[in-house]
Amino acid sequence: MPLLNRLFSLAVLGISAVPSVLSFQPGFDYGSEKVRGVNLGGWLVLEPWITPSIFENTGNDDIVDEWTFGEYQDYDTALAVLQDHWNSWITEDDFEAIAAAGLNHVRLPIGYWAFAVGSGEPYITGQQEYLKKAITWAANHDLKLIIDLHGAPGSQNGFDNSGHRMSYPTWQSNQTNIDRTDDIIKTIISMVDSEYETVPIIAPLNEPAGYDGDEMLEVVKQYWYDSYPYNSSTESNTVELIHDAFQSLSYWDGFMVDGYDGVAMDTHIYQMFSDEEVAYNYSQHITEACSYGSSLADFDLWIIVGEWTPASTDCAKWLNGRGTGSRYDGTYSGSTYVGSCTGKTGNATSFSSDYKTFMRQYWEAQVITYEKGSGWIQWTWKAENADDWTYQAGLKYGWIPQDPTDLEYPDICD
C-alpha cells in the first residue's frame with residue numbers, strides 16, 4: 001500500500017503511525033510512477049547462456065557456473081578473464097543507452113561472493129569495484145539502480161545463475177548460510193543507504209526455491225523480516241524488494257503489510273519453462289500475458305515484474321544450463337518436440353518479419369499488463385547470441401520501441 005494511503009487508513013482508525021514510517025522517503029515514487037527498466041544480466045554473475053564464449057574458451061565441459069569457473073581453473077587465468085569481462089561487458093555507454101531508451105531503472109544481479117568468500121569456496125572476488133561504478137553511472141544518467149543479491153551461500157535455488165548449480169539448494173538448511181546472507185545484506189544497506197536517491201531498492205535474495213516446500217518457505221519468510229532495512233537503521237529510505245519464491249500472489253496476501261512501509265514484491269513471469277507453455281502459439285502467449293493484469297492490479301504491496309522477456313521459447317543455447325538442450329526442439333530430457341529452433345533465437349537477422357511482429361505484440365501485451373502493477377524490468381540488456389531475449393537487440397530490430405510508452409498495439413489486451 002502506498003505511504004499516503006497507509007497513513008490515511010491509520011488516521012481513520014485512530015492509530016498513530018510510527019516515526020520511521022512518517023519519515024520514509026524512497027528515491028522513486030513507486031506509488032504513482034511506473035518502473036520501466038532492464039536487467040544487467042551476466043555481468044557480475046556469470047550465466048553460460050548469456051556469455052557462452054567465456055565457458056567454451058575454458059575447454060572444460062565441467063565448468064558450468066561461477067563456482068566451477070574458479071574451481072577448475074588456475075586462479076590467475078580465471079581472474080584475468082573475469083576482469084576483462086567486468087571491464088567490457090557493461091560500461092557507462094550502456095547506462096547512457098538505457099537512459100536514452102526511456103527507461104528509469106536498472107536491476108543489477110550480484111553474488112554474495114562479491115562481499116565475503118568463505119573457506120573452501122572457489123569464487124573469485126572483485127565485483128564491488130564495478131558495483132560502485134554502476135552506482136556512479138546510474139547517477140550520471142538519472143537512472144535508479146536495484147541491487148539484487150542473485151546468489152547466496154549454499155545456493156537458494158540450485159540454478160547456475162545463483163553461482164553454484166546443484167540438484168537441490170542447501171542455503172535454507174544451514175543457519176550459517178542464512179546468517180552470512182543476512183550479514184551481507186546489512187553490509188549492502190550500510191554501503192548505499194545514503195545513496196537512496198540512486199539506489200532506492202535492495203532485493204535481498206533472487207528466486208528462492210519455494211517450490212521445494214515448507215522448509216524453504218518458512219526460512220524465506222523469516223529472512224524477509226530479518227532483512228527489512230529498518231532493522232538496520234530507523235532512518236533508512238531503502239525499499240526492500242522481496243521475491244514471491246515461485247508462489248502465487250495469493251500466498252503472500254497480507255504479508256509485511258501492516259506495520260511495514262517500503263516493501264515491494266518481485267515476481268518473475270516466463271512462458272517457456274514448462275512443456276505446456278513452450279508449446280503455446282503466438283495468440284496463446286499474448287492471452288496468457290494479458291491474464292496477469294487483475295492479480296497485479298489488486299496486490300496489496302507495490303509489485304514489480306522484475307524479470308520477463310519477449311522471447312517465447314527456451315531455444316537460446318544453454319538457457320537451461322550448459323550442456324542442456326531445449327524443450328521447444330525436444331532436446332531437453334523428457335520433453336516433446338514443438339518445432340525447430342532455427343529462426344527463434346541467435347542473431348535477429350535470421351528472424352522472420354512475422355516473428356518480429358509477434359515479438360512486438362508480445363512485448364507490448366506484457367508492458368501494458370505489468371504496468372497495472374508498479375511496472376517492469378526486462379531480462380536482459382544484452383547477450384552474446386540470444387537476440388530474442390535482449391532489450392538492446394529489440395531496440396535495434398524494432399520489436400521494442402525507442403520510447404517504451406510508444407505503443408503500436410495499445411488495445412491488445414482489451
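Student: Why is Glu207 called buried?

Tutor: Happy to start there, and keep in mind that this is a predicted model. Glu207 has a relative accessibility of 6%, and the cut-off for buried is under 20%. The value falls under that limit, so Glu207 counts as buried.

Student: What makes the backbone of Glu207 worth a look?

Tutor: Its phi is near 45°, which is positive in a residue other than glycine. Glu207 sits in the loop that runs between β4 (201-203) and α9 (214-226). Met256 also has a positive phi, about 50°, and is not a glycine. Its place is the loop between β5 (239-243) and β6 (263-268). With a relative accessibility of 2%, Met256 is therefore buried as well.

Student: Where is there a cis peptide bond?

Tutor: Between Trp379 and Thr380, where omega is about 5°. Thr380 belongs to the loop between β8 (375-378) and α14 (391-397).

Student: Which strands make up the barrel, and how do they pair?

Tutor: Eight strands form a closed barrel in the order β1-β2-β3-β4-β5-β6-β7-β8, with parallel pairing. From one strand to the next, the twist averages 25°.

Student: How do you know that β1 pairs with β8?

Tutor: Pairing needs at least two bridges. Strand β1 (residues 35-39) is joined to β8 by four bridges, so the two count as paired, and they run parallel.

Student: What joins β7 to β8?

Tutor: Two bridges, and again the strands run parallel. Two bridges meet the requirement of at least two, so β7 and β8 are a pair. Here Val305 has Trp376 in β8 as its bridge partner. The chain passes from β7 through α13 to β8, and that β-α-β crossover is right-handed.

Student: Which way do the residues of β8 point?

Tutor: Gly375 and Ile377 point one way, Trp376 and Gln378 point the other way, and all are buried.

Student: What makes Cys290 and Cys413 a disulfide?

Tutor: Their sulfur atoms are 2.0 Å apart, and the limit is within 2.5 Å. The distance meets that limit, so the pair is a disulfide. The angle about the S-S bond is -75°, a left-handed link. This pair connects distant parts of the chain, 123 residues apart: Cys290 is in helix α11 (residues 282-290), while Cys413 is in the segment after α14.

Student: Are those two cysteines buried or partly exposed?

Tutor: One of each. Cys290 has 19% relative accessibility, so it is buried.

Student: What is in the largest nonpolar core?

Tutor: It has 125 residues, and those with the most contacts inside it are Trp43, Trp49, Leu145, Trp389 and Tyr391. Helix α13 gives the most to this core, with eight residues. In soluble globular proteins, nonpolar side chains tend to be buried together.

Student: Which residues does Tyr391 touch?

Tutor: Beyond its neighbours within four places in sequence, the contacts of Tyr391 include Val38, Leu103, Trp363, Trp376 and Thr380. Thr380 is the residue joined to Trp379 by the cis peptide bond.

Student: Why is Thr198 called buried?

Tutor: Its relative accessibility is 11%, which is under 20%, so the label buried applies. Thr198 lies in the loop between α8 (175-192) and β4. Not counting residues up to four places away, it touches several others, including Ile135, Ala138 and Leu145.

Methods
Residues numbered from 1 in each chain as written. Predicted model: local features only at pLDDT ≥ 70, side-chain atom pairs only at ≥ 80, totals over all residues. Heavy atoms only, no water. Buried < 20%, exposed > 50% of the residue type's maximum accessible area, 1.4 Å probe, protein only. Axes fitted to C-alpha atoms, helices over the stretch in contact; angles between N-to-C directions. Contact = heavy atoms within 4.5 Å. Core = buried A, V, L, I, M, F, W, Y, C linked by side-chain atoms within 4.5 Å. Right-handed = clockwise from strand over helix to strand, strands pointing away.
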